[in-house]
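This report describes the architecture of one chain and its contact with a partner. Please consult the sequence and the model while reading.

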Amino acid sequence: MNIRNARVYYRKIIEKVNDVTFRSRTVNRLKSLLLGIFKFVIIVGMSYIILGPVINIVCNAFFSPSDVYNPSVFMIPLNPTLENFRRAFVRLDYWSTLGYTMIYIISLTLIQILICSMVGYGFSRFDFPFKKLLFGCVIVTIVLPAHVIMLPIYQHFRMWDVFGIIRSIRGEPINLLSQQTPMYLMTILGTGLRSGLYIYIFRQFFRGLPKEIEEAALIDGAGTWHTYFRIMLRNAMPAAISVAVFSMVWQYNDMFYARLFSIPTSKNLTFRLSTIQATIEFVDQIKDPMISQLAVYAGITLVLLPILIIYFVLQKYFVEGIERSGIVG
Amino acid sequence: MNKSIKKRKIRLTLRQKKAITGFMFILPWFTGFMVYYVRSLVLNIRFSLSKVEILQTGGYQATYTGLANYRFALLEHARFNQVLVDSLRDILIDIPFIIFFSLFMAILLNSRFKGRALVRVIFFLPILMGSGAVLRSLELATQNIIGGASAMIEELSTGTQINIGFFLDVMEELGLPTALVDYITGLVSRIFEIVRASSVQIIIFLAALQSIPNSLYECAKIEGATGYETFWKITFPMVSPLILTNVVYTIVDFFVNSEVVDLAYEVAFTNYNYGLSAAMSTISTAVICLILVIVSALITKRTFYYN
């Protein structure tokens, strides 16, 4: 290797460094690499913030009492046990409660879809006096906090009566509390849990459908109701699915109305979960809150499981539904 | 002759017929709105203006007392004022951060990377875990983690001489206002709640981002816009209408889970003081509505509408 050769190499290297395209390419590559690392760190960190407590709960559900007071145990139990799950199963009366809860939320969801799509269709396709004002009222029902109507509704269902008819037949109004009827009644009348939002979603969706569909149906001799049930409702499937997911999840998690109407804990899983610690302390005579807490963790895992399954099956529609149903539009 | 006139009078135009059909469609909601909302609101205000006694039969008797309940709630009740102010302060502090954070996360989640589907699933998990009992235990578990973290910080600070307090002092020495430092530390300590509270907002922003036509970006690229310019000139204006939606959603959602609601519930069903509880609900709702109106007026002024 002589000096001349070295000089040629040197010149080549200098040329490369001075070459604009090469330089910008390297800089770009470095930039995107840094950006990628930044993104990765943030996403992993945020995911940990969300998942951390959940992982903690699931791990704790497998702890045995000796692990609780062992300071060297973190996350992974030394003596994993299913005892907590067994206890939670018994105290939640899992299968029976889950069955009742599922019937409850699925029937409510079906009613929500039917009623809210009807109302949304009415708002999107027909002109009637005060339409804008009435739709403004729908928005008000979304925004208005439910606790401002809590007491009157409680009293209303405590002494349920329609224009004094029941009072004249039975002599006294019916007490509808401590059962699920109030929730059904409110949902049928389109004012159930977050119904306003669903009406809004359906209305936006129907507005996006072409009018020609209905005109064709009309020419073929279908009446308005026939058109709605046979044609429009089928076309609204994407919106219906996203409403179904929302409605199921929120209804499942709802504690406000469950508490207000004192729905029996044997028929509402999440509501029952809130009393499980007291039950365990009282019935199983486990007075140490650290240990009774373990069964609560197991209970939470059990309660979250069905809703997670629903979510994983339908999660694709969860996002796409919103994108298509046009909260955005 | 007479008959035909009568008939013509009853006959409706197509428009009127359609109006009636349309009204039939919204009739269920209309009934519910009248019975459960309008009637309840009126009753609630009546409760709040009177002393309500629960009768043995389950009924109630309301005697008008004027503004006594409001006066008691605002001037004499031990906790109401503080709880209300605290919740309002939390709402106002968190909103800007939640909005920026959710927009930022939506942009991150909108770009392509491996495992995006999984990350999305994780980010929407908090929606599923909104119920009271689950939330309470989640908070407990969070405290365990935070406790672990602060214990770790203490150990680190003795071992490596890293002291969080020192950094806070440095920030103040640099001339940053104390309020700002407090704001930052407050946000950091509540990061769990904030992340958990912004999942629906992320979805909404994500949907907005995906509805931006790609041609706008192509056009900007051809014209030689940098990423920074593209964000401020295209992305931000296009999602800005959704900022209002998100702010409203955040306020309402925050308020539904706030302590004020718990307090009103407690007063009504533990102390059986319906009048006071109704007054509390009315005051807090009025305040929230006022905030909503002001905030939406402020935001609407600056919003860009594409269509």
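Into which domains is chain A divided? In this predicted model, chain A consists of domain 1 (3–61) and domain 2 (85–325). The centres of domain 1 of chain A and domain 2 of chain A, taken over C-alpha atoms, are 48 Å apart. Their contact involves four residues from domain 1 of chain A and six residues from domain 2 of chain A. On the side of domain 1 of chain A that touches domain 2 of chain A, three residues are nonpolar, one is polar and none is charged.

Chain A contains 17 helices and zero strands. Its C-alpha trace spans about 115 × 70 × 35 Å along the principal axes. The radius of gyration of chain A is 30 Å, whereas a compact globule of 329 residues would have one near 20 Å. Of the 329 residues of chain A, 37% count as buried. Among contacts in chain A between residues at least 6 apart in sequence, 71% join residues at least 24 apart.

The contact between the chains takes 64 residues from chain A and 77 residues from chain B. Elements of chain A that give two or more residues to the side touching chain B include helix 2 (20–61), helix 5 (94–125) and helix 17 (289–325). Helix 17 of chain A supplies the largest share of that side, 13 residues. The classes on the side of chain A that touches chain B are tabulated below.

| Class, side of chain A that touches chain B | Count |
|---|---|
| Nonpolar | 45 residues |
| Polar | 15 residues |

Notes:
Residues numbered from 1 in each chain as written. Chains lettered and ligands numbered in written order. Predicted model: local features only at pLDDT ≥ 70, side-chain atom pairs only at ≥ 80, totals over all residues. Contact = placed C-beta atoms within 7 Å. Helix = DSSP H or I, 4+ residues; strand = E, 2+ residues; numbered from the N terminus. Nonpolar A, V, L, I, M, F, W, Y, C, P; charged D, E, K, R; others polar. Domains from an automatic or database assignment. Rg over C-alpha atoms; globule rule 2.2 N^0.38 Å. Buried ≥ 20, exposed ≤ 12 C-beta atoms within 10 Å, placed from the backbone.
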